[in-house]
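Work through the exercises below with the sequence and the model open. Each task is followed by a solution in steps.

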Amino acid sequence: CDLIDVHKQDVVLDPACGTGSFLIAAMNKMIDQCDTEKEINNVKKHQLYGIELQQKLFTIATTNMILRGDGKSNLRRDDLFHVDKEEIKEAGVSKVLINPPYSQAKTKDLHYLSEINFIKESLEMINIGGKLCAIIPQSTMVGKTKEDREKKRLILEKHSLETVITLNKDTFHGIGTNPCIAVFTAGVPHNEKKRVNFVNFSDDGYVVRKHIGLVGDGTEKSKKEFLLDVLNGYEDADTSFIVKSTITPEDEWLHSFYYFNDTPPTMEEFKQTMADYLTFEFDMRSHGRGYLFEEYGDKDE
């Protein structure tokens, strides 16, 4: 919500809303900015939209919205890929928050369920100049397959990539996904000279405590504020934190791709990097994404 500056005039959509947590966060942030009951009621009735395919999740989302003060009237049980996008767009959607289901594109027949395609389809429901913020596996921004690179190219033809933030690998502790956040502007073709923000926010102030899980270490609030200040141009940071670069669809849209570190790694750093990679590969294979490490035939596939 903070990254794309959700405010009380916005119409917010989550096209894969699950249990509705993003919509609840957006609703709370918007209501906090309201001055009258009329504004609050308008937010709840006309400015929150959600799409969810699974009946159980849809029921939970509806219940969650009722328990937190309504906001349920614009939830629909539907399929993002077949919903009437123009109808949704006509509602005036200006912001999209999405955490698409992971590891759905296990075969080429199911490639339309890839995370990058969720982003592409969601961007079609936003009015020109609106923002989309997606939390996704880092592999989504790599473009490993020919199909993914083509989706990235099609996105840039109509929309602009603004920022990609590499997150703490333990953000989804116990799940085994290395996540990132991507921010796009809808309806504005990406200028080839545009410089995109690539941020390394792996040190976010959250650590894993034994028997507890992921908890803040006391620095999480100040680190979040620093991130937002850097992205808004209020603070400077070195290239180990943020790199600004032009992009192509063939690039890996991640900080690690554009960052050049001329300091030789220590043996401990080398060992840690190898351990991180092996952990990543094991997690991807165990979650049905082993195709990321396979050869498809010729070098272009």
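Two strands count as paired if DSSP finds at least two bridges between them; helices (H or I, at least four residues) and strands (E, at least two) are DSSP runs, numbered from the N terminus. The model is predicted: local features need pLDDT of at least 70, side-chain atom pairs pLDDT 80 or more, while totals for chains, interfaces and linings use all residues. Residues are numbered from 1 along each chain as its sequence is written, and side-chain values use heavy atoms, without hydrogens and water.

**Exercise 1.** Give the strand order of the open sheet of nine strands, and find its edge strands.

Solution. Step 1: the order reads β3-β2-β1-β4-β5-β7-β6-β8-β11, and the pairing is mixed. Step 2: β3 (75-77) and β11 (242-245) each pair on one side only, which makes them the edge strands.

**Exercise 2.** How many bridges join β1 to β2, and do the strands run parallel or antiparallel?

Solution. Step 1: β1 (residues 12-14) and β2 (residues 48-52) are joined by three bridges. Step 2: the two strands run parallel. Step 3: V12 stands opposite L48 of β2.

**Exercise 3.** Locate L228 and list its contacts (heavy atoms within 4.5 Å) beyond neighbours within four places in sequence.

Solution. Step 1: L228 is part of helix α8 (residues 220-231). Step 3: L3 and L228 are 225 residues apart in sequence, yet their C-alpha atoms are 7.1 Å apart in space.
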